[in-house]
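Thank you all for coming; I would like to walk slowly through one structure today, so please keep the picture in view while I talk.

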Amino acid sequence: MKTIFTFLGMLLFTAVLAQDEVFVHTATAGNSSGNVTTLDHPDLNGNSSANIIVTHNLNNGGVQYNDKISGTWYDGSSWTIFNEDLSAITEGSSYNIYIPQGGKMISAEADGTSYDLELNDPAINGDPNAVIVYATYWNPNGVYNNNNYGFWYNAGTDRWNIYNEETTTNIPNGAVFTLLVDEGTGGATAFSHTTTAGNTSSNYTIIDHPNLNGKPDAYPIVSHNWGSSTDPVNIILDKTIGVWYNGSNWTIYTEDVSVMPEDVKFNIYVADEPLSVGEETVANISSYPNPTNGEVTFTSKETISNVSIYNILGQEVKQISGNNNTDLTINISKLSSGNYIAKVQAGKAVQSVKLIKL
């Protein structure tokens with residue numbers, strides 16, 4: 001697969017107080033029963049309207065493989081994770097939990113007539129570079145859904161689809177998916193990763209991105225992406241996947257320890273580092289014009305000290321120091337057309353701004 005996902009375009013980005021949150025949950029004898037393990041987090045407890053996305057984590061406090069498909073369920077008072085095949089939760093298995101606070105969430109329900117389900121939302125329609133992650137949701141229909149899923153883009157209809165990686169089996173009737181389709185204003189970075197011979201070994205592939213490198217507490221969320229119907233290579237991956245921090249980088253691995261193929265795409269969401277105590281009032285950064293083919297100006301209520309611009313591969317392509325003012329103008333005319341992310345340091349806050357170069 002040769003196409004790399006770009007960031008969803010936005011004309012304007014402003015910081016908000018709501019911050020996407022991540023944490024890691026480990027199943028223990030005390031918080032698990034049968035095929036269910038119960039989460040304990042102040043933003044989730046008693047909050048039936050919350051949303052969560054889940055990815056397996058190999059090595060939180062000890063290595064534990066977990067070749068089970070996980071679903072999410074609100075039991076009336078707590079959010080839980082459960083094994084879709086009804087087998088007992090493995091003690092020591094761990095899960096990255098992502099709580100979207102600003103990104104756009106949508107829900108999709110299958111009718112049981114196909115192995116794939118078309119998604120219809122203006123945030124992703126017509127955008128083959130959208131970055132989407134998902135969780136299966138047992139509520140409200142009580143449907144078990146023991147399948148691995150990926151996304152594919154139908155260039156003929158300009159629509160994204162979620163599909164059963166076991167393509168001869170229909171998605172169960174009434175199965176519900178919760179999908180995060182936009183970084184939004186929750187303070188997150190979304191990007192894609194493609195496996196190559198250079199970044200893949202055995203059953204895992206190494207992610208190289210500034211929001212993850214050297215950050216064991218980043219807890220990324222990942223989903224597989226088959227790609228677009230116009231891509232030269234598309235890979236089906238009917239494997240349960242998880243993430244593993246190897247001491248310096250986050251990796252994506254197959255839970256059954258099978259070889260990780262080349263040319264596989266993954267969608268990745270990373271919550272930006274939370275503000276420390278006393279930094280709840282942030283810089284209200286905005287940018288204009290955006291999109292631009294020349295100069296872009298960043299404004300803030302705090303003094304801007306630095307702006308670093310990264311391409312969709314996570315590589316820094318430009319860095320400018322501030323001039324002790326609350327606005328800073330940068331010329332990006334020499335950058336290639338496409339989508340970028342700017343990390344703006346203003347006061348004590350660092351915020352992400354999606355930037356489109358025409």
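Let me begin with a definition: helices (H or I, at least four residues) and strands (E, at least two) are DSSP runs, and they are numbered from the N terminus. What you see is a predicted model, in which local features need pLDDT of at least 70 and side-chain atom pairs count only at pLDDT 80 or more, while totals for chains, interfaces and linings use all residues. Residues are numbered from 1 along each chain as its sequence is written, and side-chain values use heavy atoms, with hydrogens and water left out.

I will start with a loop. Between strand 15 (200–201) and strand 16 (204–206) there is a loop that holds Asn-203, and Ser-202 is found in the loop between these strands as well. Are these residues buried or exposed, where buried means under 20% relative accessible area, exposed over 50%, and partly exposed in between, with a 1.4 Å probe and protein chains only? Asn-203 counts as buried because its relative accessibility is 6%, whereas Ser-202 is partly exposed because its relative accessible area is 45%. If contact means heavy atoms within 4.5 Å, then Asn-203 touches, not counting residues up to four places away in sequence, a set of residues that includes Tyr-65, Ile-252, Tyr-253 and Met-260.

Ser-202 also has a backbone angle to look at. Most residues other than glycine have a negative phi, and most peptide bonds are trans. Phi of Ser-202, however, is positive, near 55°, and Asp-263, which is not a glycine either, has a positive phi of about 70°. Asp-263 lies in the loop between strand 19 (250–254) and strand 20 (265–271). As for peptide bonds, a cis bond joins Asn-139 and Pro-140, with omega about 0°, and another cis bond, with omega about -20°, joins Tyr-288 and Pro-289. Pro-140 sits in the loop between strand 10 and strand 11, while Pro-289 is in the loop between strand 21 (286–288) and strand 22 (295–299).

Now please find strand 11. This strand covers residues 149–154, and five of its six residues are buried. Which strands pair with strand 11, given that two strands pair if DSSP finds at least two bridges between them? Strand 12 (residues 159–164) runs antiparallel to strand 11 and is joined to it by six bridges, with Asn-154 opposite Arg-159. Strand 17 (residues 221–228) runs parallel to strand 11 and is joined to it by four bridges, with Phe-151 opposite Asn-225. The hairpin of strand 11 and strand 12 has four residues between the strands, and there Asp-158 takes a positive phi near 60°. Thr-157 lies in the loop between these two strands, and it counts as partly exposed because its relative accessibility is 37%. Although Thr-157 and Pro-140 are 17 residues apart along the chain, their C-alpha atoms are separated by 29 Å.

Phe-151 leads us to the packing. A nonpolar core is a set of buried Ala, Val, Leu, Ile, Met, Phe, Trp, Tyr and Cys residues joined through side-chain atoms within 4.5 Å. The largest one has 20 residues, and among those that touch the most other members are Phe-151, Ile-132 and Trp-160. Strand 11 supplies three residues, the largest share of this core. Ile-132, leaving aside its neighbours within four places in sequence, is in contact with residues including Phe-151, Trp-160 and Leu-179. A second, separate core of 19 residues includes Val-24, Leu-212, Tyr-245 and Phe-266.

On a 1 Å grid over the protein atoms alone, a cavity is a set of points where a 1.4 Å probe fits but cannot get out, and lining residues have an atom within 4 Å of a point. Grid points are joined across faces, edges and corners, and a volume is the space filled by probe spheres set on the points. How many cavities of 30 Å³ or more does a search of the whole structure find? There are two, and the largest cavity holds about 350 Å³ of space. Of the 22 residues that line it, the closest to its centre are Val-54, Ser-70, Tyr-134, Asn-148 and Ile-241. Ser-70 lies in strand 5 and is buried because its relative accessible area is 18%.

Key: Two strands pair if DSSP finds at least two bridges between them. On a 1 Å grid over the protein atoms alone, a cavity is a set of points where a 1.4 Å probe fits but cannot get out, and a pocket is an open set with protein on both sides within 12 Å along at least five of seven lines; lining residues have an atom within 4 Å of a point.
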